[in-house]
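I am opening a notebook page for a structure that is new to me. I will write down what I looked up, entry by entry.

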Amino acid sequence: MSNAMHNKTLTELKAGLAAGDFSSRELTEHFLARIQQHDGELNSFISVTAEQALAQADAADTALAAGNGGLLTGLPIAHKDIFCTEGVRTSCGSKMLDSFIAPYTATVVEKMAAEGAVMLGKTNMDEFAMGSSNETSYYGPVKNPWDLERVPGGSSGGAAACLGARLAPGATGTDTGGSIRQPAALNNITGLKPTYGRVSRWGMIAFASSLDQAGPMAQSAEDCALMLQAMAGHDQRDSTSLNEKVDDYLGALNNDISGLTIGIPEEFFPDTLDGAIADNSRAAIRELEKLGANVVSVSLPSIKLSVPAYYVIAPAEASSNLSRFDGVRFGHRCDDPKDLEDLYKRSRSEGFGDEVKRRILVGAYALSAGYYDAYYRRAQQVRRLIRDDFARAFEKVDVLMGPTAPETAFKLGAKKDDPVSMYMADVFTIGVNLAGLPALSMPTGFINGLPTGTQVIGNYFREGQILNVAHKYQQATDWHKQAPAFGGDQ
Amino acid sequence: MAIDSKVVAQVAHLARLKVDESDSGALSDRLNDILAMVDQLQQADVTDVAPMAHPLDVTQPLREDEVSEPNVRDKALDIAPSAEDGCFLVPRVIE
């Protein structure tokens, strides 16, 4: 029994707990043992919280025995190390917060714990979520379980890799420009970025506040629906959280999709795209056609400017957000500062890595006197053009589909010294963040043994519909069930 | 609008970052790469397009003006690099 436990989905594990096939303690011990055995090589966790996990598991077993189970009772979950967790180091992948013990817990973590989730630990990530390869982490790169010489993507690379390697059955991530979807694609898992404002950002360390959104990552769309059901909802403590009713995501999973209209943006299949990447996504779309969906071609003409717009807006917001790290109130402080300015400058320069510093400088430059109109104002105008393109497309279609990432996992170090080439890893995901739309990435086949993913983009607050589409696809195919040889013990 | 070492030094000061002179050249090259990519924005026709701050054009909600947060001074000071008598400690600012 125990050998198979880690290959089960959250939904299957939930049924197993309910049937008494195993206890939450057994389940939690099993995943903790796998992390201990395999994560030395993978580096997907920054902190493992074994003691707290077992205490939560025991409490879950008591609740289950008393018939008081919630949505996630007894299910082990790994949280990205961007979410504050009271009493547990919350590093955000940065030396700046290496010794930061959060004094409070993020809403997302709190809501999942209230539904009975067991926290296994905190996952590795690009520093302050800035990166697409997990190589900017102060704690070292995460390896891709499909090929240990390759990156897992980022910034939620630790979350995606630990799921791919079956070291955890569910994980939280955050997505500012593709940080849930791109690593999901590169590790053969399913990940959803909800509508901006659907999930609370309170206690989630801010990178670019107008784009950041937390979401679920797991083996299947069904599991993402289960997690989102617990994560979503209005939070008074986040002024950008939207007071919209939370849909019944689980209830919508099996809706009939015949008559669904899928839009294929021509810009997601440019001539320059790797043919094999395009083929996998086109095959996934054909599978949905077999299930009764209609396919139409659409155009998002301004989306070609999404990467340039993002690399003004995100660094501008980051330079402002990261000004809070001043060496005075919390986080890293340099030794023997000679005056206050020296304290600020050396604490920040020692605490931040190269990519974070680059983005702060780009943001400060774009916002500085004389350049504001040319950069920031113009980027916000282009952002509206991009949003309007999506809005026009959604007048005609229910969902949009295309490849999640333009390539499979690349080799560690391949793009490390070329930021612009790294930024292009998110060329298909960034537009969705600028428009604030929900989007999911699901596994849709392999190229030379490496996973690829396809994105399903929905209209605002239509998470239920895109989960439904992905679930139907996963009922008809088994790409999402493929696991790497790494960590196998069959 | 190329960035050189002098501009890097100015912007770094604005952002309270210390950039070593030995790194300044390579850093300005990387920043120029990024700005060259960002300059594609100049192609867009944005005549009469209002800048967009929120995808759903939502504005900040107001709440009742009442105390909602507990006093967490001690918790906040506990995680400070240096604190004394209920205050954050920094190098002397006024001689």
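I began with A:Arg201, which sits in the loop between β5 (190–193) and β6 of chain A, where helices (H or I, at least four residues) and strands (E, at least two) are DSSP runs numbered from the N terminus. I noted that this is a predicted model, in which local features need pLDDT of at least 70 and side-chain atom pairs count only at pLDDT 80 or more, while totals for chains, interfaces and linings use all residues. Residues are numbered from 1 along each chain as its sequence is written, and chains are lettered from A and ligands numbered from 1 in the order in which they are written.

Is A:Arg201 buried or exposed? I found 23 other C-beta atoms within 10 Å of A:Arg201, so A:Arg201 is buried; the cut-offs are 20 or more such atoms for buried, 12 or fewer for exposed and partly exposed in between, with C-beta atoms placed from the backbone. Leaving aside neighbours within four places in sequence, I listed A:Asp212, A:Ala214, A:Asp238 and A:Thr240 as its contacts, a contact being two residues whose C-beta atoms, placed from the backbone, lie within 7 Å. A:Ala214 is 13 residues from A:Arg201 along the chain, and their C-alpha atoms are separated by 7.1 Å.

I looked up A:Asn134, which is not a glycine and yet has a positive phi of about 65 degrees. A:Asn134 lies in the loop between β3 and α6 of chain A and is buried, with 35 other C-beta atoms within 10 Å. The loop between β3 (118–123) and α6 (157–164) of chain A also holds A:Ser155, and the peptide bond from A:Gly154 to A:Ser155 is cis, with omega near 10 degrees.

Just after α2(A), A:Gly20 has a positive phi of about 75 degrees.

I then checked α11 (residues 306–321) and α13 (residues 354–367) of chain A, whose axes, lines fitted to C-alpha atoms over the stretch in contact, come within 7 Å and cross at roughly 100 degrees. That makes α11(A) roughly perpendicular to α13(A), a term for angles of 65 to 115 degrees, on a scale from 0 to 180 degrees between N-to-C directions. Residues making this contact include A:Val312 of α11(A) and A:Ile360 of α13(A).

How many residues does each chain bring to the contact? I recorded 39 residues from chain B and 52 residues from chain A. On the side of chain B that touches chain A, the largest share, six residues, comes from α2(B).

Notes
Parallel < 35°, antiparallel > 145°, perpendicular 65-115°, else oblique.
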